[in-house]
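Welcome! Take a look at it first, and then read on.

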Amino acid sequence: MTPDDILPTYERLAPAFDRLRDKTLFERSWLDRLLAHAPGRKVLDLGCGSGRPVAQYLFDRRCDVTGVDGAAAMIALFKKNLPKARAIHADMRGLDLGETFDAVLGWDSFFHLAKDDQRAMFPVFAKHLRPRGVLMFTSGTGDGEAIGHVDEATVYHASLAPEEYRKLLQDNGFEVLRHVVEDPECQTRTIWLARLKG
């Protein structure tokens, strides 16, 4: 299992993922934090999947949501689940939409990228945020690689060390607002929330 297997895997398992994805909105408190810090309601959801429940929750909170996913089958489900939101079939790596957002989200998606691809994403994040826009993403707890599961398939995960994430954020004009390791109130997700200075 390598990072290159991620998009073909999610392409194949999109219906199962949509069916099995936890929709209890355990992420709600963090999504509310994101919106509380964002200067507006225009949100870019990178690795949006089928749109449920995260993009749906944001849309229901009057956000102008743009979902981006590299798996066409996921984008098809996103369009079905959120017909009034914008959906774009594209790889987040090297993305350039030519516009800025109030918030960029990489929830349970950014960590599927290889380490070098993660490093290269920080300029992409910054390029898509307006001044004082906010970024939120999930990561691992330390430098390493791991294998997870979606339905019957295995999926790749990687993480940098927390110190490196902090440096990448700083070097790309961000200030860390909050970093929680294995939040017990969010199914032990490790979460970063940062603001683009300006």
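This is a predicted model: local features need pLDDT of at least 70, side-chain atom pairs count only at pLDDT 80 or more; totals for chains, interfaces and linings use all residues.

- P131 has its place in strand 5, and its contacts beyond four places in sequence are P39, L196, K197 and G198.
- Between the C-alpha atoms of P131 and G173 there are 9.7 Å, although 42 residues separate the two along the chain.
- T9, by contrast, is buried, since its relative accessible area is 5% and buried means under 20%.
- You will find T9 in helix 1, which covers residues 6–20.
- Setting aside neighbours within four places in sequence, T9 is in contact with M1, A153, T154 and V155.

- Seven strands form an open sheet in the order 3-2-1-4-5-9-8, and their pairing is mixed.
- The edges belong to strand 3 (86–89) and strand 8 (174–183); each has a single partner strand, so one side of each has no neighbour in the sheet.
- On average, neighbouring strands here are turned by 15 degrees against each other, direction ignored.
- Strand 1 (residues 42–46) and strand 4 run parallel and are joined by three bridges.
- Within this part of the sheet, L44 stands opposite V104 of strand 4.

**Helices across the strands**

- Helix 4 lies across strand 2 (64–69) and strand 3, and it runs at about 170 degrees to strand 3.
- Helix 5 (residues 115–127) lies across strands 1, 4, 5, 8 and 9, at about 140 degrees to strand 5.

**The nonpolar cores**

- In soluble globular proteins, nonpolar side chains tend to be buried together.
- The largest nonpolar core here has 29 residues, and those with the most contacts inside it are W30, L31, L58, F78, L105, W107 and M136.
- At least two residues of this core come from each of helix 2 (28–37), helix 3 (54–60), helix 4 (72–81), strand 4 (101–106), strand 5 (129–139) and strand 9 (189–196).
- Beyond four places in sequence, M136 touches W30, L31, L34, V104, L105, G106, W107, I191, W192 and L193.
- Another core, of 27 residues, lies apart from the largest one and has M121, L129, F137 and F174 among its members.

Conventions
Residues are numbered from 1 along each chain as its sequence is written. Side-chain values use heavy atoms; hydrogens and water are left out. Helices (H or I, at least four residues) and strands (E, at least two) are DSSP runs, numbered from the N terminus. Buried means under 20% relative accessible area, exposed over 50%, partly exposed in between (1.4 Å probe, protein chains only). Contact means heavy atoms within 4.5 Å. A nonpolar core is a set of buried Ala, Val, Leu, Ile, Met, Phe, Trp, Tyr and Cys residues joined through side-chain atoms within 4.5 Å. Two strands pair if DSSP finds at least two bridges between them. Axes are lines fitted to C-alpha atoms, for helices over the stretch in contact, and angles run from 0 to 180 degrees between N-to-C directions.
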